[in-house]
Amino acid sequence: MSLQMVTVSNNIALIQPGFSLMNFDGQVFFFGQKGWPKRSCPTGVFHFDVKHNNLKLKPAVFSKDSCYLPPLRYPATCTFKGGLESERQQYIIHGGKTPNNELSDKMYVMSVVCKNNKKVTFRCTEKDLVGDVPEARYGHSIDVVYSRGKSMGVVFGGRSYIPSAQRTTEKWNTVADCLPHVFLVDFEFGCSTSYILPELQDGLSFHVSIARNDTIYILGGHSLANNIRPANLYRIRVDLPLGSPAVNCTVLPGGISVSSAILTQTNNDEFVIVGGYQLENQKRMVCNIISFEDNKIEIREMETPDWTPDIKHSKIWFGSNMGNGTVFLGIPGDNKQAVSETYYFYMLKCAEDDVNEDQKTFTNSQTSTEDPGDSTPFEDSEEFCFSAEANSFNGDDEFDTYNEDDEEDESVTGYWITCCSTCDVDINTWVPFYSTELNKPAMIYCSHGDGHWVHAQCMDLAERTLIQLSEGSNKYYCNEHVKIARALQTPKQVPPLKRPPLKSLHKKGSGKILTPAKKSFLRRLFD
């Protein structure tokens, strides 16, 4: 195992706890946190370009028929073998925290539609689910099992907000364990079915999951209800006959107590567990090898890498699997220094790049990290920024066209500001006003001049209006500048029609005097 420090050359602020990495045929893509700050472009996906221990994030390109994919923290992701050759490898994304700090219950399918030496073009589609739809959650896992020529998705674990009836201002963001149900999802028809297995008593989040053929192994995890990390190892087997699926669970010996660990595959039958926590704010520095032989699983400790002093002394760490036996790790920067990076990053290589391509699709482990609670939250303003032209991200632009200066200056566009003379948003008394906001008030961008952010609540915007403005590319003007906007949009004045001058009611030289009746007739004629 080798550990190398990685320098991030641009957009380092995008990489924060809760991100995910996706490996498409050797090319790694970053997903989550913040995205391109333009509402008209699918956000949150960047090419993870690492050369000579230098990382550069390059915005990904999406096809025109793609749906909007919001940045999501702590989603569940896995690979899936599609039917078409052009889409033989797909990524399934489910759940996670949305930019407004809400939890998503949506399922997205990402596939590659075009690939050349310069860029990869993705297609993202939203999958509608019916039946026993898993509730919105994060910190869970999704895997794909294959049985009798069929495939099925399996969703398990995670955390969700407490029911809305129990939520108050003081505990608005309080979360609880999801019920320990196992959901089978048919990706073709979108049907979801829930199963209750007696062996699964506790809801677990931030566990490790490994899918092999028709079997899923659940290892470790954290239970909020009991505040424990049980050393359990579950084997869930799914049989897909012509009729109803059969799901059974077996408790195996030899588990380990760990949460938020990262799993990477080193060869066809071997995996490595890196990182995680064994207690609250106590990292687990031991690495483990998980090997399979004749459908038997064995977990043993392995030689740990030469951790740096910064990693050893850090209270938290996070990361994700890059594929090919490589793990990307991050730790907080040293705040004692005058000039300090927010995070420091490392690459841990556990094996050579000799993983079989077909076997990569069976590595469906959860790679999210446990929510530290004090990580930088999403910015609501990103959901309501619509100043870019819809076609500004199409065409043949290179990845390098990303300009970090486009990111909003958070020191200027903070939430707790006086946005207008009548602003009544107070950090000490603020409570949620819209259903889309939980911990910070929604803001909307006024397009007047250089632009500025205002609180949507202070502008007396209805939530429906706020959503319509955020989804479109129309310009919005706050109460102070709306009159200016109306003046700019006022149609040009059309000059009145020229009327011929009234002829003299008395013709010169005629010697005739018009009668009153003729005068009235002429007035009506020329008027």
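A residue counts as buried when its relative accessible area is under 20%, as exposed when that area is over 50%, and as partly exposed in between. In this predicted model, Asp269 has a relative accessible area of 37% and is therefore partly exposed. The side chain of Asp269 meets that of Arg212 in a salt bridge, with an N to O distance of 2.9 Å. The two residues come from distant parts of the chain, 57 residues apart: Asp269 sits in the loop between strand E22 (262–267) and strand E23 (270–274), and Arg212 sits in strand E18 (residues 208–212). Arg212 has a relative accessible area of 18%, so this residue is buried.

Side chains of opposite charge can pair when their charged atoms come close. The count of salt bridges in the model comes to seven. Another one of them joins Glu270 and Arg300, at 4.0 Å from N to O. Here too the pair links distant parts of the chain, with Glu270 in strand E23 and Arg300 in strand E27 (residues 296–302), 30 residues apart. Glu270 is partly exposed, at a relative accessible area of 22%, and Arg300 is partly exposed at 34%. A further salt bridge is formed by the side chains of Lys106 and Glu126, at 3.2 Å from N to O. Lys106 belongs to the loop between strand E8 (89–94) and strand E9 (107–115), while Glu126 belongs to strand E10 (residues 120–127); the two are 20 residues apart and lie in distant parts of the chain. Lys106 has a relative accessibility of 35%, which makes this residue partly exposed, and Glu126, at 36%, is partly exposed as well.

Eight strands form an open sheet with mixed pairing, in the order E2-E3-E4-E5-E1-E30-E29-E28. Its edges are strand E2 (20–24) and strand E28 (318–323), each of which pairs on one side only. On average, neighbouring strands of the sheet are turned by 35° against each other, direction ignored. Strand E2 runs antiparallel to strand E3 (residues 27–31), and five bridges join the two. Within this pairing, Asn23 has Val28 of E3 as its bridge partner. In strand E28 lies Ser320, which is buried because its relative accessible area is 0%. The side chain of Ser320 reaches the backbone nitrogen of Leu21 at a distance of 3.2 Å.

A separate group of residues is marked in the UniProt record. The unreviewed entry carries a "binding site" annotation that covers Cys446, His452, Cys478 and His481. Although these positions span 36 residues in sequence, no two of their C-alpha atoms are more than 11.0 Å apart, so the four gather at one spot. His452 is part of strand E32 (residues 452–455) and, at 24% relative accessibility, counts as partly exposed. With neighbours within four places in sequence left aside, the contacts of His452 are Ile444, Tyr445, Cys446, Cys478 and His481. Cys478 is placed in the loop between helix H3 (463–471) and helix H4 (482–489). Its relative accessibility is 3%, so Cys478 counts as buried. Under the same exclusion of sequence neighbours within four places, Cys478 is in contact with Cys446, His452, Val454 and Met459.

Definitions and conventions: Residues are numbered from 1 along each chain as its sequence is written. This is a predicted model: local features need pLDDT of at least 70, side-chain atom pairs count only at pLDDT 80 or more; totals for chains, interfaces and linings use all residues. Side-chain values use heavy atoms; hydrogens and water are left out. Two strands pair if DSSP finds at least two bridges between them. Helices (H or I, at least four residues) and strands (E, at least two) are DSSP runs, numbered from the N terminus. Axes are lines fitted to C-alpha atoms, for helices over the stretch in contact, and angles run from 0 to 180 degrees between N-to-C directions. UniProt positions are given in the numbering used here, feature names are shortened, and annotations may be inferred rather than shown by experiment. Buried means under 20% relative accessible area, exposed over 50%, partly exposed in between (1.4 Å probe, protein chains only). Contact means heavy atoms within 4.5 Å. A polar contact is a pair of N or O atoms within 3.5 Å; within protein, one must be able to donate a hydrogen and the other to accept it, and residues adjacent in sequence count only if both atoms are side-chain atoms.
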